[in-house]
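Please look through the structure shown below. The paragraphs that follow treat its sheet, its aromatic rings and one of its helices in turn.

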Amino acid sequence: MIEKHIVLEDIDPVTFYGVGNSHLQMMRALFPKLRIVARDNVIRVLGDEEQMAAFEEGAEKMRQHVLKFNSLSDEDILDILKGKRTKDEVPEGVVVYSMAGRPIKARTENQQRLIDAYNKCDMVFAVGPAGTGKTYLSIALAVKALKEKTAKKIILSRPAVEAGEKLGFLPGDMKEKIDPYLQPLYDALEDMLPQAKLQEMMEKHVIQIAPLAFMRGRTLSDAVVILDEAQNTTPAQLRMFLTRMGWNTKMIITGDMTQIDLPHSQKSGLIEALHILNGTEGIGVVNLTQKDIVRHKLVTRIVNAYEAHDRAMSDNSANN
């Protein structure tokens with residue numbers, strides 16, 4: 001009788017073990033000569049040497065399956081352990097899978113343009129109204145790069161537009177003060193990576209989330225770097241950020257021109273950058289519209305209503 005420990009790296013153990021350890025129970029039934037005990041992300045296996053080798057091989061194939069698809073069904077387990085052909089390639093068009101096993105892919109023509117621009121260019125500007133999937137799809141592309149090891153880290157940033165008195169009066173240390181500004185980035189990451197793995201990656205700085213001010217002086221190499229809400233940067237801030245780009249790095253800059261929170265006297269850095277960099281080789285620009293909104297149908301109606309209001313106000317100002 002021999003004993004081995006199998007570590008489930010980079011995946012959510014709950015997905016592997018199944019609800020109520022149902023997958024684990026199936027594995028035990030398929031390998032009656034083994035004693036299989038799981039705790040956290042470690043499986044302790046004791047028993048017959050021949051079955052042990054078969055289980056080890058099957059467990060690694062199942063781990064790879066979960067790593068790709070964030071799901072594992074009873075049918076998948078049977079196919080893998082019995083040596084039958086099972087899906088092993090991510091279907092064309094799918095960027096990654098969510099923690100619920102849902103394929104994350106372009107849902108509109110312009111979203112596909114964003115993916116194509118990312119694949120073709122090292123720097124991409126994605127501009128459009130709320131709900132068009134700019135941030136979510138950008139983070140999915142970054143997670144894919146990390147999983148495929150084409151990037152060593154993900155760096156996510158946002159400008160904290162209230163970086164003066166209001167931020168200073170918030171309770172807590174600096175991390176607690178800036179976390180509310182960065183919560184949308186955390187939300188997207190939590191939808192694509194196991195909670196324990198995400199925490200580990202953040203602790204090891206494989207995934208870094210920081211306000212824009214913390215980018216000064218850095219050179220960002222071997223990374224996918226995303227700047228969200230770039231419409232709230234000043235020209236100097238965005239220029240500083242864009243020049244942080246290092247070797248083997250891709251940058252995605254997202255923004256919504258209808259949600260500029262800067263003082264009226266301050267020009268948006270995103271508007272200036274798009275004007276200055278227009279036509280620059282290696283830089284892609286993707287404009288998303290109301291047709292690309294993939295949130296609740298009311299979001300499209302709200303965006304349209306506000307744009308109609310803004311046009312009316314502009315016309316009134318011009319006539320007066």
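**The sheet and its surroundings**

In this predicted model, three strands, in the order β1-β3-β2, form an open sheet of 3 strands with antiparallel pairing. Strands (E, at least two residues) and helices (H or I, at least four residues) are DSSP runs, numbered from the N terminus, and two strands pair if DSSP finds at least two bridges between them. The edge strands, each pairing on one side only, are β1 (2–7) and β2 (34–39). From one strand to the next, the twist averages 15°. Strand β3 (residues 42–47) runs antiparallel to β1, and 6 bridges join the two. Within this arrangement, E3 stands opposite L46 in β3. Helix α3 packs on the sheet and touches β1, β2 and β3, and the direction of α3 makes about 5° with that of β1. Such angles run from 0 to 180 degrees between N-to-C directions, with axes as lines fitted to C-alpha atoms, for helices over the stretch in contact; contact means heavy atoms within 4.5 Å.

Residues are numbered from 1 along each chain as its sequence is written. In this predicted model, local features need pLDDT of at least 70 and side-chain atom pairs count only at pLDDT 80 or more, while totals for chains, interfaces and linings use all residues; side-chain values use heavy atoms, with hydrogens and water left out.

**The aromatic rings**

Rings of Phe, Tyr and Trp (its six-membered ring) pair if their centres lie within 6.5 Å; planes under 30 degrees apart count as stacked, over 60 as edge-to-face and the rest as tilted. By this rule there are 3 aromatic pairs. In one of them, the ring centres of F16 and Y17 are 6.0 Å apart and the planes stand at 85°, so the pair is edge-to-face. Both F16 and Y17 are buried, a term that means under 20% relative accessible area, against over 50% for exposed and in between for partly exposed (1.4 Å probe, protein chains only).

Why is the pair of F69 and Y97 edge-to-face? The centres of these rings are 5.2 Å apart and their planes are at 70°, so the pair is edge-to-face. Because F69 lies in helix α3 (residues 49–69) and Y97 in strand β4 (residues 94–97), the pair ties together parts that are 28 residues apart in sequence. F69 and Y97 are both buried.

**Residue M202**

M202 has its place in helix α9 (residues 195–203). Apart from its neighbours within four places in sequence, M202 is in contact with Y186, I207 and I209.
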